[in-house]
Amino acid sequence: ADPNIWSWIDATPKGVSIHYVSHEIDGGDLIAQKKVNILEQIDTLESSYNLLMDEVINLFQEIYPRYNDWRNMKKPQECVGTKHYSSELADIKENIDYGISVHDFIKAYRNIVRRKRVVFRVDGNDKIGIGHVMRCLSLADALNDEHMDVLFVLSDHTVSDYIRKRGYDSFVLNSAWDNYLSGIEQLLSLLDCWGCDWIITDSYYAQEKYFIKIKEKCKSAIITEEIPEDSTAPVDLLINYNLYMNDVQHNQASGFCCLGSKYALLRKSFSKTYSGNGEYILVLSGGSDPMNVVYKIVKRLVEDKRVTRDILVVSGSLNPNLSKLQELSNNVSIMIDVTDMAFVMSNARVAISAGGSTLYELAACGVPTITYSFVDNQIKNVKAFAANEIMPYAGDFRKDEQNVLRNIIQKYIEYEIGE
């Protein structure tokens with residue numbers, strides 16, 4: 001709806017593209033694309049629209065003679081575009097003057113309609129993985145659907161490209177990822193300049209003093225594994241969606257809280273129903289796998305003659321052990337930075353995963369799962385899944401690696417023979 005208008009409001013690149021049709025809105029593979037230079041101070045909504053129409057016709061005329069080669073020309077879109085509905089402009093559309101400059105229109109629009117602005121302060125790297133980033137992206141998608149503006153603020157550039165491909169802008173502080181007071185003054189200035197309404201922090205390295213400072217600028221929320229009474233973060237909203245919080249009663253003095261698995265931050269794709277074949281063993285490593293746990297699991301599966309199914313490893317690009325995994329067996333396949341995880345999970349026979357948000361995704365897909373842990377913040381979660389007889393727990397890799405591997409194999413064999 002009104003693509004020319006929204007490209008100015010959302011500050012997205014101006015241009016034209018020709019692409020295949022897919023099940024996603026404007027999400028098909030690109031055949032051709034061209035950036036168009038439009039002068040915000042001079043061009044009007046009408047003239048810029050006409051210019052874009054002329055350019056898309058010219059682009060089609062340019063590529064049509066190569067119609068038979070389009071399938072070889074196509075390539076995936078690098079990032080997700082914005083999506084809007086006609087109803088969003090219903091209240092002001094009759095008053096839009098298409099003859100005024102784009103600059104004047106944007107100024108007038110922002111005076112009439114101001115979208116809520118939300119900052120996510122989060123990080124991901126080969127030390128802490130990208131689980132925090134992934135769950136923030138899930139929440140960002142939901143906020144974007146409610147017509148809120150989202151900005152990610154990061155300590156470094158490690159995950160900035162990944163966030164951009166998901167359709168969001170990021171601001172890099174060039175600060176220490178394990179000390180959130182580092183770069184705090186720059187962050188506070190950004191919150192002021194951007195007119196931030198909420199900042200949502202997801203990190204174990206955000207100190208109490210950090211939260212005190214940002215609370216002076218806007219409302220503040222935290223995504224955490226702590227129970228409200230143990231948290232020292234002075235925030236307006238505390239989110240802990242883990243299973244072990246389902247029956248926790250909290251003191252109202254702790255502030256407003258979203259507790260328990262009904263608040264799990266799942267991507268929209270997990271609301272769909274897939275009918276999978278259940279052909280492979282799915283092994284999930286998270287974003288980085290710093291302890292090389294997945295390699296050890298897959299190696300043990302390959303070596304056990306009772307395991308005959310193909311093995312699919314899903315990993316992030318930060319994992320340094322991917323090449324070693326591929327060398328283990330021809331039955332081992334690897335997928336990196338998967339975009340439709342719900343589809344991949346739904347087609348698994350059984351999954352093997354560490355504790356974390358991934359367990360809620362697997363549960364949503366109905367995939368039988370064996371869990372393990374290798375950091376402290378996973379233990380309460382995997383034990384809660386085991387206590388509720390949802391997913392068996394094989395143990396903590398740090399305490400007895402060989403016993404955990406034996407347990408994983410044993411629980412997998414038990415599942416296959418139906419015990």
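A: **A strand and its surroundings**

Strands β7 and β8 run parallel and are joined by 3 bridges; two strands count as paired if DSSP finds at least two bridges between them. Strands (E, at least two residues) and helices (H or I, at least four residues) are DSSP runs, numbered from the N terminus. The model is a predicted one, in which local features need pLDDT of at least 70 and side-chain atom pairs count only at pLDDT 80 or more, while totals for chains, interfaces and linings use all residues. Residues are numbered from 1 along each chain as its sequence is written, and side-chain values use heavy atoms, leaving out hydrogens and water.

β8 covers residues 237-240. Leu237 and Ile239 point to one side of the strand, Leu238 and Asn240 to the other, and all are buried (under 20% relative accessible area; over 50% is exposed and values in between are partly exposed, with a 1.4 Å probe and protein chains only). β8 also pairs in the parallel sense with β9, over 4 bridges. In that pair, Leu238 is opposite Cys257 of β9.

These strands belong to an open, parallel sheet of 7 strands, ordered β5-β4-β3-β6-β7-β8-β9. The edges are β5 (169-172) and β9 (256-259); each has a single partner strand, so one side of each has no neighbour in the sheet. On average, neighbouring strands are turned by 20° against each other, direction ignored. Angles here run from 0 to 180 degrees between N-to-C directions, and axes are lines fitted to C-alpha atoms, for helices over the stretch in contact.

Contact means heavy atoms within 4.5 Å. Helix α7 (residues 184-194) lies across β3, β4, β5 and β6, at about 165° to β4.

Another helix, α8 (residues 208-215), has Tyr210, Phe211 and Ile214 buried. Down the axis of α8, the buried residues fall within an arc of 95°, so they line one face of the helix; the arc is that of the directions from the helix axis to the C-beta atoms. An α-helix has 3.6 residues a turn, so residues three or four places apart point the same way. Among the elements that cover the buried residues of α8 are β6 and β7.

Next comes the nonpolar packing. A nonpolar core is a set of buried Ala, Val, Leu, Ile, Met, Phe, Trp, Tyr and Cys residues joined through side-chain atoms within 4.5 Å. The largest such core has 75 residues, and Phe120, Phe152 and Leu282 have the most contacts inside it. Helix α5 gives the largest share of this core, 7 residues. Setting aside neighbours within four places in sequence, Phe120 contacts residues including Cys136, Leu139, Ala140, Phe152 and Ile200. A second, separate core has 28 residues, among them Val293, Tyr295, Val313 and Phe397.

Leu282 is opposite Ala351 in β13, and 4 bridges join β10 (residues 280-284) to β13 (residues 348-354), which run parallel. An open sheet of 6 strands has the order β12-β11-β10-β13-β14-β15, with parallel pairing. Its edge strands, β12 (332-336) and β15 (393-396), each pair on one side only. From one strand to the next, the twist averages 20°. Helix α14 (residues 401-417) lies across β10, β13, β14 and β15, at about 175° to β15.

Finally, the cysteines. The search of the whole structure finds 0 disulfides, a disulfide being a pair of cysteine sulfur atoms within 2.5 Å. For Cys193, the nearest cysteine sulfur is that of Cys196, 12 Å away. Cys193 is exposed, with a relative accessible area of 68%. For Cys196, the nearest cysteine sulfur is that of Cys218, 3.9 Å away, and Cys196 is in no disulfide. Cys196 is buried, at a relative accessible area of 7%.
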